[in-house]
Amino acid sequence: MGNLGILINAGFTAKKAVLLNVVMNLTAFIGVLIGLIIGELNKVFTVYVTLIIAGNFIYIGLTLMIPKAREIKDKMTLWLGLIGFLLGIGVMVGITFIE
């Protein structure tokens, strides 16, 4: 639903935004299938892909968080957001070590 809002906000018509959203979701599904197939063929590949995905999550999180953080005037809200972000990174690292 977030992608749909972004597309409509960017000026796409509702019909075109829904169509593009479906296409984006289908490409994600195809990517998952390709990743699963390659991951079964080569276990070392899975480790490197996990690192790349974690890096992408951090990048996306920061690119969305930094502009919003500049708008926040309340320091407590800013610190809580930072702590939540760091806890999210900690959870990802923890899951990596548990697996």
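This report walks through the predicted model shown above, from its overall form to a few individual residues.

## About the model

Because the model is predicted, local features need a pLDDT of at least 70 and side-chain atom pairs count only at pLDDT 80 or more, while totals for chains, interfaces and linings use all residues. Residues are numbered from 1 along each chain as its sequence is written, and side-chain values use heavy atoms, with hydrogens and water left out.

## Overall form

The protein chain has 4 helices and 0 strands, in the order α-α-α-α from the N terminus. Helices here are DSSP runs of H or I with at least four residues, strands are runs of E with at least two, and both are numbered from the N terminus.

The radius of gyration is 18 Å, whereas a compact globule of 99 residues would have one near 13 Å. That value is taken over C-alpha atoms, and the globule rule is 2.2 Å times the number of residues to the power 0.38. Along the principal axes, the C-alpha atoms fill a box of roughly 50 × 40 × 15 Å. Buried residues make up 7% of the 99 residues; buried means under 20% relative accessible area, exposed over 50%, and partly exposed in between (1.4 Å probe, protein chains only).

## Helix H2 and Asn-21

Helix H2 (residues 14-41) has 28 residues and reaches 41 Å from its first C-alpha to its last, close to the 40 Å expected at 1.5 Å a residue. The expected span is 1.5 Å times one less than the number of residues.

In H2, Ala-17, Asn-21 and Gly-39 are buried, and their cover includes helix H1 (2-9) and H3. Asn-21 has a relative accessible area of 13%, so this residue counts as buried. Leaving aside neighbours within four places in sequence, Asn-21 is in contact (heavy atoms within 4.5 Å) with Asn-3, Leu-4 and Leu-7.

Helix H3 (residues 43-71) has 29 residues, which should span 42 Å; its end C-alpha atoms are 44 Å apart, which agrees. At the start of H3, a side-chain oxygen of Asn-42 comes within 3.2 Å of the backbone nitrogen of Val-44.

Further along, H3 has a kink of about 25 degrees at Met-65, shortly before the proline Pro-67. The bend is the angle between axes fitted to the seven residues ending at a residue and the seven starting there.

## The loop at Lys-73

Lys-73 sits in the loop between H3 and helix H4 (75-98). With 72% relative accessibility, Lys-73 counts as exposed. Lys-73 and Lys-15 are 58 residues apart in sequence and 37 Å apart in space, C-alpha to C-alpha.

How values were computed
A polar contact is a pair of N or O atoms within 3.5 Å; within protein, one must be able to donate a hydrogen and the other to accept it, and residues adjacent in sequence count only if both atoms are side-chain atoms.
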